[in-house]
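Let's walk through this protein together, one piece at a time. Have the sequence and the 3D view open as you read.

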Amino acid sequence: MALYVAMGSDRVRVLVTVPDDLLREISRPEDLRRLEEFADVTYNEKGRQLTEDELASLIKGIDGCITSWGSPKFTEKVLRNADRLKIIGHAAGSVKPYVSDEVFKRGIVVVNAAAEIAVGVAEFALAMMLNCLRRIPDFVAAMRRKDWDFKRRSSLSRDLRGKKVGLIGFGYVARELVKRLRPFDVEVLVYDPYVPQRVAENYGVKLVGLETLLRESDVVSIHAALTEETYHMIGERELRLMKRTAILVNTARGAVIDTDALVKALKEGWIAAAALDVFEQEPLPPDHPLTKLNNVVLTPHIGSATIETRTQMAELVAQNLIAFYKGEVPPTLVNKEVVKVRPPGFKS
């Protein structure tokens, strides 16, 4: 890959599209100072997200751009004015809402903060597993009702130790999760047709087919990106393959699961429980059938929402930009294959 290096006195010019309130959440002052020492930085001073027209105007003469949640998309109109743009650094996870194939066709490099986000989401996925197996939400609710005897009327909870944990998708988050699962003495099964055997061996996991994973796992945790291939990949047929004692965890994307099929599975006891941080429709409607079930743990898409994760996302992107303009390969380069078209009619 050919890298662009700023030469002579012509300093790199970087545009930060992120409004002040969000920028304070995802960065630290010292990280921005480090970027300013390296480049001439233009900040978004609108107090809100930029419009397409505003981005198209500001992008002229810019070498690198930092975006995050809610930033305007790099449309054809914007790209026509991107006369010097060589790299986009997305201080968040998925870049799909912000870039398209046209960005890559123009040779613009894209990096993101998925590696940083992965740590927080992996810890959260582990917490969801333990919450369901040990039934912590049930006991917390009983104590709030001052129902001490609930523990005698309810069935015992279960350990994570010795279980089979199936991971669907083996990207950043799943690999961080494997590290955190090791002390629990579990066997980890992985379904990911794009992961080579040598990678699985390095992490001590077993690559299997999807049906095998679903049939054998005590806990199934989803970590697949949402693509045409993965849309509703867990439907009624797949849920019926799972153990009746199994737990399903989703901290990836809601539409990987067919929600109607999951509601049916939870109601009829095809699986024991589910823990969901993501949904096909967000925010989740207050009257949604999932909110009426006792065997599901629901959280409002907060898997990565920790102080440590949020405040270091911009730092990681800034490191990528600095590495790029020093002629080095950015550490969290997004491959073109990551950006795929969402299913027709799908809305996020």
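Begin with strands E1 and E3, which pair in the parallel sense over three bridges; strands here are DSSP E runs of at least two residues, helices are H or I runs of at least four, and both are numbered from the N terminus. Two strands count as paired if DSSP finds at least two bridges between them. Before going further, please note that this is a predicted model, where local features need pLDDT of at least 70, side-chain atom pairs count only at pLDDT 80 or more, and totals for chains, interfaces and linings use all residues. Residues are numbered from 1 along each chain as its sequence is written, and side-chain values use heavy atoms, with hydrogens and water left out.

Four of the five residues of E1 are buried, meaning under 20% relative accessible area with a 1.4 Å probe, protein chains only.

Now zoom out to the whole sheet. It is open, with five parallel-paired strands in the order E2-E1-E3-E4-E5. Its edges are E2 (39-43) and E5 (109-112), each pairing on one side only. Across E1, E2 and E3 (64-67) lies helix H2 (residues 29-38), running at about 125° to E2; such angles run from 0 to 180 degrees between N-to-C directions, with axes fitted to C-alpha atoms, for helices over the stretch in contact.

Val14 turns up again in the largest nonpolar core, which has 58 residues; Val14 is among the members that touch the most others, as are Val165 and Phe170. A nonpolar core is a set of buried Ala, Val, Leu, Ile, Met, Phe, Trp, Tyr and Cys residues joined through side-chain atoms within 4.5 Å. A second, separate core of 34 residues includes Leu213, Ala224, Ala252 and Ile271.

Our last stop is helix H13 (residues 259-268), whose buried residues are Thr259, Ala261, Leu262, Val263, Ala265 and Leu266. These pack against helix H12 (236-241) and strands E10 (247-250), E11 (273-276) and E12 (296-298), with contact meaning heavy atoms within 4.5 Å. After H13 comes Gly269, with a positive phi near 80°.

Definitions and conventions: Buried < 20%, exposed > 50% of the residue type's maximum accessible area, 1.4 Å probe, protein only.
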